[in-house]
Amino acid sequence: MYSQGLIGADSRTEETEEFLAAFQARIDAEEKIEPTDPMPQGYRRTLIRQIGQHAHSEIVGMLPEGNWITRAPSLKRILALLAKVQDEGGHGLYLYSAAETLGVTREQMTEELHAGKAKYSSIFNYPALSWADMGAIGWLVDGAAIMNQVALCRCSYGPYARAMIRVCAEESFHQRQGYEIMLTLCNGTKEQKEMAQDALNRFWWPALMMFGPHDGDSAHSEQSMKWKIKRFSNDALREKFINATVPQAEFLGLTVPDPDLEWNEEKGGYEHGDINWDEFWRVVKGDGVMNRERVQMRKDAWDNGAWVREAALAHAQKRAAKIAAE
């Protein structure tokens, strides 16, 4: 359990019916909740869990792409991918900082990740096997992320909502960059288009899983929507993503790997096949292809970077002492 810290919800606040009703009234009135405002412990815990998972996803998400920087097919692609990975690192920084306003430290969140207690997006436990995967990740993974994150710009918690404005702007660029990679491959040789199709085949279903379980199987969705931490249900966002992405695949001349995919004129959207939820839960619980490797790489990076953090802290302390002495 995270310590309360000096900011965020006061654990001594008595959560009476009147207090909870007044808090919900602020939420319903679309007021932003700020770090120093009193808030229910459940609201605070939900935010720490969600923002922490989001931050971890940005940082772990750098790994499959970072592995392709030196293998990108041109200097242009190297520079674009390098910039994207740098952006993801910045997103993690914004989000860890937003979580810290709730009284949790970055070290605590990192320890939870390394211990396997904190989660990150299941999509990053799948390997990136070809250059086309960089296109599929940008197009599908960042595209799915945008579907989730645009609504977070209106999250009831102020620091999280404000952090998401820049994150969404940059993720939109990443999605366009990925789609452009796929477009280039599909307009290239037969082998290149086959590579793009293979990437779509492998990332389509994991991308749909990014939205989380069905609404009825989600432990947090209902309360998160009541508190307006979330604005849309998992299934609604998944349907929106499918409806937006299938026409893009058709424009590329690629086939979505779902034999049950069919347009439903009555509902104005696509019907799709069943997601393999057994696979989803297996990966979420740590038994995906890359789970152990991803976490180990983060642990190694954390340990190897200890001297940098120590040096930065020493410099900050030295600077503070110098200012105090003046």
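At 60% relative accessibility, lysine 190 counts as exposed, where exposed means over 50% relative accessible area, buried under 20% and partly exposed in between (1.4 Å probe, protein chains only). The structure is a predicted model, in which local features need pLDDT of at least 70 and side-chain atom pairs count only at pLDDT 80 or more, while totals for chains, interfaces and linings use all residues. Residues are numbered from 1 along each chain as its sequence is written, and side-chain values use heavy atoms, with hydrogens and water left out.

Lysine 190 forms a salt bridge with glutamate 194, their closest N and O atoms being 2.6 Å apart; the term denotes a side-chain nitrogen of Lys or Arg within 4 Å of a carboxyl oxygen of Asp or Glu. Glutamate 194, at 43% relative accessibility, is partly exposed. Helices here are DSSP runs (H or I, at least four residues), numbered from the N terminus. Elsewhere, salt bridges with shared partners join Arg26, Glu31 and Asp37 into one network.

Helix H8 can also be examined as a whole. Its 20 residues, at 1.5 Å a residue, should span 28 Å, and the end C-alpha atoms are 30 Å apart, which agrees; the expected span is 1.5 Å times one less than the number of residues. H8 bends by about 35° at phenylalanine 203, and proline 206 follows within four residues. The bend is the angle between axes fitted to the seven residues ending there and the seven starting there. Phenylalanine 203 and proline 206 both belong to the buried residues of H8, which also include Ala196, Leu200, Trp204, Trp205 and Met209.

The whole structure contains 17 salt bridges. One of them joins glutamate 65 to lysine 84, with the closest N and O atoms 2.4 Å apart. Because glutamate 65 lies in helix H3 (residues 62-66) and lysine 84 in helix H4, the pair ties together parts that are 19 residues apart in sequence. Both glutamate 65 and lysine 84 are buried. Another salt bridge links the side chains of arginine 166 and glutamate 170, at 3.0 Å from N to O. Glutamate 170 is buried, with a relative accessible area of 15%.

Glutamate 30, in the loop between helix H1 (17-28) and H2, has a phi near 65°, a positive value in a residue other than glycine. At 41% relative accessibility, glutamate 30 is partly exposed. Lysine 228 lies in the loop between helix H9 (221-226) and helix H10 (234-252), and its phi, near 60°, is likewise positive in a residue other than glycine. Lysine 228 is buried, with a relative accessible area of 17%.

Which helices supply at least two residues each to the lining of the second largest pocket? They are H2 (41-60), H4 (75-100), H5 (106-114) and H12 (291-304). H5 gives the most, with five residues. In total 15 residues line this pocket, and Ile59, Tyr96, Arg106, Arg298 and Trp302 lie nearest its centre. A pocket is an open set of points, on a 1 Å grid over the protein atoms alone, where a 1.4 Å probe fits, with protein on both sides within 12 Å along at least five of seven lines; lining residues have an atom within 4 Å of a point. The volume is about 320 Å³, taken as the space filled by probe spheres set on the points.
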